Amino acid sequence: MRQLFAPGADALLRLALLTAAACLAGIPVVGAGLVRSSYVTGVGVAPDQPVPFSHKHHSGELKIDCRYCHTTVETQATAGIPPTETCMTCHSQIWSGSEMLEPVRASYAKDQPLVWNRLNKLPGYVYYNHSVHVTNGIGCSTCHGSVTDMQLTYRANAFEMSFCLDCHRNPEKYVRPKDQILNMTWSPPANQATLGPELVAQYHIRGGERLTECGICHR
Amino acid sequence: MTHDIGALRARLAAGDGPAFWRSLDAVADSPEFRTFLDTEYPAAARLAAAPDRRGFLKLMAASFAMSGLAACGQPDGRSQEIPYVRQPERVVPGAPLAYASAALVDGFANGITVTTRNGRPLKIEGNAEHPWSRGGTDVFAQASVLGLYDPFRLQTPQHLGRPSSWPAFRAAMTGRFAALKAVAGGRGLHLVTGPVTSPSLAAQIAAMRRDFPAMRWHVSAPTGRDALYEGARRALGRPLETRWRFDRARVVVSLDGDVLDPGPGQVGQARDWVEARRKAAAEGRLLALHHAGPSPNLTSAKAESPLAIGSDGLSALVRDLLAEAGGGTAADRGGPAAAWRARAFAALDAARGSGLVLAGAQAVPDLLAQVHRLNAALGNTGRTVFHTAPVPVLDAEPLDALAEAMRRGEVQLLVMLDVNPVYEAPGDLGFLEALARVPLKVHAGLYQDETAFHCDWNLPLAHPLEAWGDARSLDGTVTPIQPTIRPLYDGRSVPEILSILTDAEAKDGAALFDAHWRSPGEADAAWTARREAVLQAGFFADTALAPETVGAPLPAAAASAPPAPSPAGPARRVEVVFRPDATVWDGSLANLAWLQELPKPLTKVVWGNVIAVSPGLAEREELRQGDVVTLEAEGRRIEGPVWIQPGQAEDAVTVFLGYGRRVPEQLADGLGYDAYPLRRSASPWRLAEATLAKTGRKAPPVTTQNHGTMEGHDLVRVQAVGAVTPVASREALPSLYPPAPTSPGGRYDRERAWGMVIDLDACIGCNACVTACQSENNIPVVGKEEVALGRWLHWLRIDRYYEGGLEDPKTHFMPVPCMHCEQAPCEVGCPVEATVHDREGLNLMVYNRCVGTRACSSYCPYKVRRFNYLDYSGDTAPVQQQQRNPEVTVRARGVMEKCTYCVQRIAAARIDSTRGDHAPIPDGAVVTACQGACPTRAITFGDLRDSGSRVAAAAADPRNYGLLAELNTKPRTTYLARLVEAASATGAAKPGGAL
């Protein structure tokens with residue numbers, strides 16, 4: 001009787017089994033890669049907006065203070081999105097005929113709000129408060145990245161729990177002096193290792209153990 | 001469960017039952033009751049048919065395969081941000097903004113502030129400045145914010161069942177009104193409103209009556225205070241409001257009184273009473289409350305000596321008291337009533353001039369008149385009892401006159417504003433049949449109710465939270481009502497509708513408010529400033545009514561002989577007492593799910609009403625809990641389930657209004673039975689005789705009285721007034737464990753220590769805290785069937801205990817939130833650390849970690865943890881979702897939840913302090929929802945380690961004790977024992993199992 005399998009069949013079978021095992025082992029790797037990819041997290045992707053607003057131009061080049069538009073960042077949980085009226089304080093005078101700004105003028109004239117696509121989202125069970133961070137040594141760019149360099153605005157960090165916890169565990173690595181809060185290009189100075197703990201003490205930050213208690217963010 | 005009443009009575013009398021008991025089941029301690037307790041969630045096993053082994057494996061395989069999918073996707077669906085075009089002044093997106101306004105009960109105001117966020121009213125708080133309510137609220141005010149977002153509300157005007165519009169309505173009415181005016185000054189025009197206390201609305205109606213001199217105005221007030229005015233008229237010659245100065249009293253005797261019960265007076269009266277009681281306790285005496293009445297209520301629950309007595313017995317009792325007060329002697333009738341009378345009279349006699357006798361709005365006018373005479377005879381009038389002019393406008397005719405006119409065909413045009421007479425008119429009026437003879441009927445209401453179905457025009461009313469107006473509180477203080485949101489629907493307020501009907505140019509609510517309150521000739525700037533000040537304060541200063549002097553009371557008319565009792569037939573003859581429902585009131589609030597699911601203070605029944613009978617009657621007639629019986633009188637009949645009510649007068653049954661609504665497709669439809677058909681307009685609160693008969697059917701009411709039963713000793717404690725020895729030992733219990741991190745000696749013993757103290761002496765069981773908690777913390781309702789399965793979600797429950805026998809038990813209320821134990825047993829039980837402590841002592845619940853094992857709940861000795869068996873929040877109507885507090889997570893299915901001490905309010909205070917100069921959070925900066933709502937200030941909250949805080953002072957009070965402290969859980973929530981008279985302290989505190 002003729003042999004059913006050629007001499008190389010064993011090798012093929014082994015190869016197939018090996019490939020299957022590798023694929024199985026690869027699934028978590030690929031999966032882990034996928035959930036961290038910008039496709040899922042949205043990091044680095046600038047969504048379409050009704051007006052192609054440029055933070056780079058307004059706050060980077062023209063040096064308009066962040067708080068001119070985000071008025072409640074030092075007092076409220078949310079930083080605040082400017083009403084159309086804020087845009088029109090300048091744009092009723094300059095670029096008042098620009099085609100790009102037509103939606104802004106239309107919003108103001110028709111009393112219909114601009115609808116922006118949201119960049120930064122947290123789950124419903126997380127309670128983040130801007131004011132308590134920016135008044136205690138955490139600057140805008142720590143979370144939002146170098147906004148002054150963004151022609152179109154995109155999400156700079158995936159706000160996963162580990163991102164928050166890193167800072168809540170080791171605030172001394174991220175705190176900066178009060179006058180640097182709005183500096184979008186701030187990076188930790190060489191002496192952060194000595195400066196950080198001093199600032200933490202100065203801001204009365206309660207250190208890792210308190211800040212990682214569940215009730216600080218979840219309620 | 002069924003009980004042998006005789007055996008229960010014997011058990012209690014012999015002293016081998018529990019000293020404090022929650023239900024007849026607990027007294028009987030039957031095997032069924034034990035099983036009920038052992039399966040903590042009573043019917044966890046009674047789920048839908050369990051799958052077989054193969055089906056189970058399939059489901060598990062599918063769940064494993066698909067479990068990963070749930071992890072994908074964006075965390076929440078909101079993906080757009082919409083700023084204002086022009087940001088309104090003072091509005092900060094996301095920040096709370098409060099408006100002072102009024103919440104109405106029967107047209108009477110309580111001062112409130114409405115917290116709004118992003119333009120949406122979310123939560124009602126008391127207005128601390130308001131002279132009547134002084135920061136307290138009641139369940140009706142707390143639930144009103146749910147009513148605003150009620151998806152069942154009528155949304156557009158309708159004509160003959162078709163959508164119409166306000167201009168169409170005005171066009172249709174203008175000609176009619178002109179024609180009616182031309183012919184005999186408006187004869188045939190009839191207006192029906194609820195009780196009117198609003199000065200501006202009263203002026204508007206008065207102007208309308210000047211325009212239409214022959215118009216007739218009727219008031220439909222199913223739970224009105226007419227008996228009080230009638231009683232004053234009989235005794236004092238004119239209708240008057242009766243008010244009390246508890247602070248001057250040394251003893252309070254209530255004859256069918258309702259001083260602490262729900263209604264227009266509750267918030268202010270309860271506060272007065274509690275403050276007087278606290279003041280007396282500080283002076284080392286007890287301001288005792290003696291209560292006699294046919295139907296147990298919150299007033300009898302707080303009484304030191306409650307007496308259950310029928311109306312006939314009550315009138316004999318007051319006659320005897322009056323005779324004794326005049327120096328005579330009363331006939332010795334024997335029995336518990338005589339003993340009670342001797343005690344009450346001795347106390348009153350000893351305190352002539354500073355005694356206080358009161359009767360309630362649901363007493364019969366003759367009794368009320370007798371009470372006036374009694375107070376005069378004892379020298380109390382003018383001292384502890386005073387009178388003011390009536391708060392509501394009283395010159396309207398009652399509904400009987402309207403029914404009569406309708407039957408005679410005299411009514412051409414009937415305008416019914418914010419009333420529902422087809423449902424709420426007494427049964428003997430035959431209102432519905434009479435209504436059919438009216439050619440044109442206009443109805444305005446929040447809902448398409450029973451009356452709306454029979455009317456030509458149906459107009460949507462604006463909710464009080466979206467309208468302008470004003471109303472008086474029971475003390476007369478005029479309280480403005482201001483809108484807190486643009487009307488959600490096309491609704492108008494009652495004054496606006498009257499303006500549409502009568503003014504040449506229809507005015508809106510703001511213009512009508514200005515038109516009435518602006519003084520003639522007042523400059524714009526002056527008026528604007530004055531209006532701002534009034535709206536900021538939430539009341540018009542110095543508008544309380546001044547006391548009026550009254551002369552000596554008129555003598556009683558010769559008492560007519562009581563009607564001879566009818567010969568006893570096969571069915572039993574009983575007296576019927578009508579009472580408004582403690583949660584849905586007269587039925588107008590029956591669509592509010594929070595109120596439906598709120599356990600009634602005494603019966604703990606939800607989603608329905610009962611016919612309360614006494615244990616004695618139940619024993620004689622062999623009635624069991626839940627038996628459906630009929631009550632029949634004068635050919636009209638109602639039927640409902642029996643509730644055996646300890647403390648009910650022997651031969652009186654109590655029926656509760658507000659149920660049996662027939663409103664298809666609305667929440668209230670078909671719940672409970674309708675008691676109105678049995679009512680008689682001449683004597684709305686009492687029927688001397690009705691026939692009680694069994695139907696043989698059963699419809700057991702759903703009650704939570706056995707849910708969350710704790711097992712232990714001395715749950716409720718009492719202490720003699722003036723005692724200085726602590727009611728419970730303060731010694732630390734021996735323990736092999738090191739102190740908990742948040743306990744003294746622990747790692748965090750210098751941190752803030754949040755704690756709560758609840759004063760059981762001040763708690764009147766009114767449920768305002770429970771509703772406030774529900775409103776603040778996004779607690780869903782679960783429905784009648786789910787409550788029956790023990791799945792209700794209230795974070796705060798009020799346990800009601802009886803003490804003593806079945807006939808005249810004393811009643812105790814005990815609010816039970818999470819104890820935030822320093823040694824929390826629940827934390828040991830959780831396999832995933834979803835419930836953990838923070839260093840300030842909060843027992844946190846981390847919803848996003850919880851996997852739903854429910855182990856924590858079985859470890860909790862207080863039974864304060866609640867589990868989301870189903871997705872109770874998911875299918876909430878979109879409009880109702882707008883009520884949700886954005887500061888609190890909406891919980892999903894499979895998650896455990898419980899009281900958090902309002903962690904969101906603590907976080908707000910902490911952030912305020914951290915953002916600024918890191919100053920300590922001042923005492924009183926964090927007010928929990930329950931604490932803020934409490935009309936008697938029974939709840940104190942704060943930092944126990946701040947020696948100057950009020951909560952630390954309360955924790956150091958000798959009355960302070962921890963619930964089940966013997967378990968060494970070190971609860972942060974503790975209680976102040978109820979006060980008792982020095983002599984009775986030892987007797988009442990007898991040790992014994994309490995269930």
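Axes are lines fitted to C-alpha atoms, for helices over the stretch in contact, and angles between them run from 0 to 180 degrees between N-to-C directions. In the predicted model described here, helix 8 (residues 226-236) of chain B packs against helix 13 of chain B at an angle of about 50°, with the two axes 7 Å apart. Helix 8 of chain B is therefore oblique to helix 13 of chain B, and the crossing between them is right-handed. From helix 8 of chain B, the residues that take part are B:Ala227, B:Leu228, B:Glu230, B:Gly231, B:Ala232, B:Arg234, B:Ala235 and B:Leu236. They meet B:Pro365, B:Leu368, B:Ala369, B:His372 and B:Arg373 of helix 13 of chain B. Sorted by class, this contact comprises eight nonpolar, two polar and three charged residues.

Helix 13 (residues 365-377) of chain B also packs against helix 11 (residues 311-325) of chain B, where the axes come within 9 Å and cross at roughly 20°. Because angles under 35 degrees count as roughly parallel, helix 11 of chain B is roughly parallel to helix 13 of chain B. This crossing is left-handed. On the side of helix 11 of chain B, the contact involves B:Leu314, B:Ser315, B:Val318, B:Leu321, B:Leu322 and B:Ala325. Helix 13 of chain B contributes B:Asp366, B:Leu367, B:Gln370, B:Val371, B:Arg373, B:Leu374 and B:Ala377. Nine of the contact residues are nonpolar, two are polar and two are charged.

Helix 17 (residues 494-502) of chain B is largely enclosed by the rest of the structure, because seven of its nine residues are buried. The buried positions are B:Val494, B:Pro495, B:Glu496, B:Ile497, B:Leu498, B:Ser499 and B:Leu501. B:Gly660 lies in the loop between strand 26 (652-656) and strand 27 (686-698) of chain B. With 23 other C-beta atoms within 10 Å, B:Gly660 is buried, the cut-off being 20 or more. Not counting residues up to four places away in sequence, B:Gly660 touches B:Gly672, B:Tyr673 and B:Asp674. The C-alpha atoms of B:Gly660 and B:Gly670 are separated by 5.5 Å, although the two residues are ten apart along the chain.

Chain A contains eleven helices and one strand, arranged along the sequence as α-α-α-α-α-α-β-α-α-α-α-α. Its radius of gyration is 25 Å, well over the 17 Å that the globule rule gives for 219 residues, so chain A is more spread out than a compact globule. The C-alpha trace of chain A spans about 95 × 50 × 35 Å along its principal axes. Of the 219 residues of chain A, 21% count as buried. Among contacts in chain A with a separation of 6 or more, 71% involve residues 24 or more positions apart.

Between the two chains, 35 residues of chain A are in contact with 36 residues of chain B. On the side of chain A, the elements giving two or more residues are helix 5 (84-91), helix 6 (102-110), strand 1 (116-117) and helix 7 (130-134). The side of chain A that touches chain B is made up of 13 nonpolar, 15 polar and seven charged residues.

How values were computed
Residues are numbered from 1 along each chain as its sequence is written. Chains are lettered from A and ligands numbered from 1 in the order in which they are written. This is a predicted model: local features need pLDDT of at least 70, side-chain atom pairs count only at pLDDT 80 or more; totals for chains, interfaces and linings use all residues. A residue is buried if 20 or more other C-beta atoms lie within 10 Å of its own, exposed if 12 or fewer, and partly exposed in between; C-beta atoms are placed from the backbone. Helices (H or I, at least four residues) and strands (E, at least two) are DSSP runs, numbered from the N terminus. Angles under 35 degrees count as roughly parallel, over 145 as roughly antiparallel, 65 to 115 as roughly perpendicular and the rest as oblique. A crossing is left-handed if the near helix is turned anticlockwise from the far one by less than a right angle, and right-handed if clockwise. Two residues are in contact if their C-beta atoms, placed from the backbone, lie within 7 Å. Ala, Val, Leu, Ile, Met, Phe, Trp, Tyr, Cys and Pro count as nonpolar, Asp, Glu, Lys and Arg as charged, and the others, Gly among them, as polar. The radius of gyration is taken over C-alpha atoms; the globule rule is 2.2 Å times the number of residues to the power 0.38.
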